[in-house]
Amino acid sequence: MTIYNIALIGFGGVNRALAELIATKNPLWERDLGFRLNIVAVSDLYLGSVISPNGLDAKTLVEANFAQGGFGQLSGGSAEADNETIIKTAPADIIVEATFTNPKDGEPAVSHCRWALQSGKHVVTTNKGPVAIAAQELKALAKANGARFEYEGSVMSGTPVIRMAEKTLAGAEVKGFEGILNGTSNFVLGRMEAGLDFATAVKEAQILGYAEADPTADVEGFDVRLKVVILANELLGASLRPEEVTCTGISRLSPSDIQTAAAANSRWKLIGSAVRNADGTVTGSVSAKQLRLDHPLAGVNGATNAVSLNTELLGSVTITGPGAGRVETAYALLSDIVAIHNAHAATATKEAA
């Protein structure tokens, strides 16, 4: 049985959910997966930072109602967050990166990933920014330092679209994809179909926790654009940058647009897509599209995400699942750790042979 020491960078909803799973699921993981997780460090802008080489009690971390700077009360703790020190010096095998990221340059997450990989530590992250903007650099760093860079949760939360396409559909020859990759915009469009105007639908999404106080990244397509870049680069072998993907959102759609589509047996969806062209180049786009009701993405409602992969051998294959949620995204981190563990096991078996 293997124990992986992990350091949590950010202790918001996702990493807190992972800690909750560790507190309750470690015995199950030990039995079924062959490893357990031990939290040796946490750093958070609000709570501060703490290192404990012997491990921190996950249940205490989750249940303690820490005030601002509260980690300073713990042995080995500080009221100030020090992500760089934690990443570079904590006795962690795996850095779990789940912080806020600037979508323009991927920071601070790009630096977090870079520091970890340079230190020979594996990285699992749910952040879109580092993957969309710096994946090639970070993959090269991982390879050079004998580490792994995993990011399944960067596109569809816990729904394993990247791993499924690369592993399960290996050899099917993915030629392109189109998907509903943002639950907030999809929820808003659904509420507009029910008769709400755009502003009211967005307000409802904010009340329910689907939309941020500033919903621009969701409703204008910027969030989807990063995910299109990730999928295009991963599945189609592209080298797209975010600024190369055309992008328009849903804010210009009016109630009359929605009604006109319904009368024509169709509905509006915010679609992120990419296709490999005849000359080998890849083109990506994000835009609101009117889909017929028999389209495989037309029936995807609420905060659910879906991607239809266009393959040479199987035709269209659609993957549907949750695109958000604390536990769902924490599961993506677990799936990345499982991938690291399986890679280690495969290497050990090969060396033993």
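A polar contact is a pair of N or O atoms within 3.5 Å; within protein, one atom must be able to donate a hydrogen and the other to accept it, and residues adjacent in sequence count only if both atoms are side-chain atoms. Keep that in mind for the tour. This is a predicted model, in which local features need pLDDT of at least 70, side-chain atom pairs count only at pLDDT 80 or more, and totals for chains, interfaces and linings use all residues. Residues are numbered from 1 along each chain as its sequence is written, and side-chain values use heavy atoms, with hydrogens and water left out.

**The whole chain**

Start with the cartoon view. The protein chain has 13 helices and 13 strands; these are DSSP runs (H or I of at least four residues for helices, E of at least two for strands), numbered from the N terminus. Along its principal axes, the C-alpha trace spans about 65 × 50 × 35 Å.

How does the radius of gyration agree with that of a compact globule? For 353 residues a compact globule would come near 20 Å, and the protein chain has 21 Å, which agrees. The radius is taken over C-alpha atoms, and the globule rule is 2.2 Å times the number of residues to the power 0.38.

Now show the surface. The protein chain exposes about 15,700 Å², with carbon and sulfur atoms supplying 50% of it; such areas come from the Shrake-Rupley method with a 1.4 Å probe, and for residues only the protein chains shown count as cover. Buried residues make up 50% of the 353, where buried means under 20% relative accessible area, exposed means over 50%, and partly exposed lies in between (1.4 Å probe, protein chains only).

**Stop 1: His-122**

Select His-122, which sits in strand 6 (residues 122-125). Why does His-122 count as buried? Its relative accessibility is 7%, so His-122 counts as buried. Show side chains here: that of His-122 makes a polar contact with the side chain of His-344, at 3.2 Å. Contact in general means heavy atoms within 4.5 Å. Leaving aside neighbours within four places in sequence, the contacts of His-122 include Asp-93, Gly-146, Arg-148 and Ile-340.

**Stop 2: along helix 11**

Move to helix 11 (residues 222-235) and select Glu-234. Glu-234 has 17% relative accessibility, so it counts as buried. Which side chain makes a polar contact with the side chain of Glu-234? It is that of Tyr-151, at 2.4 Å. Not counting residues up to four places away in sequence, Glu-234 touches Lys-139, Tyr-151, Ile-162 and Glu-166.

Next, select Val-228, also placed in helix 11. Val-228 is buried, because its relative accessible area is 0%. Other residues in contact with Val-228, outside four places in sequence, include Phe-177, Leu-181, Val-245 and Ala-274.

Finish this helix at Phe-222, which is found in helix 11 as well. Is Phe-222 buried or partly exposed? With 35% relative accessibility, Phe-222 counts as partly exposed. From C-alpha to C-alpha, Phe-222 and Gly-249 are 8.1 Å apart in space and 27 residues apart in sequence. Beyond its neighbours within four places in sequence, Phe-222 is in contact with Thr-216, Ala-217 and Cys-247.

**Stop 3: into the loops**

Select Glu-107 and Pro-108 together. The peptide bond from Glu-107 to Pro-108 is cis, with omega near 5°, and Pro-108 lies in the loop between strand 5 (94-97) and helix 4 (109-118).

Then go to Glu-173, in the loop between helix 7 (161-168) and strand 8 (174-180). Its phi is near 65°, a positive value in a residue other than glycine. Glu-173 is partly exposed, with a relative accessible area of 47%.

Now select Asn-265, in the loop between helix 12 (255-263) and strand 10 (266-276). The phi of Asn-265 is near 55°, a positive value in a residue other than glycine, and Asn-265 is partly exposed at 48% relative accessible area.

**Last stop: Ala-213**

End at Ala-213, in the loop between helix 9 (198-207) and helix 10 (216-219). Ala-213 is exposed, with a relative accessible area of 78%.
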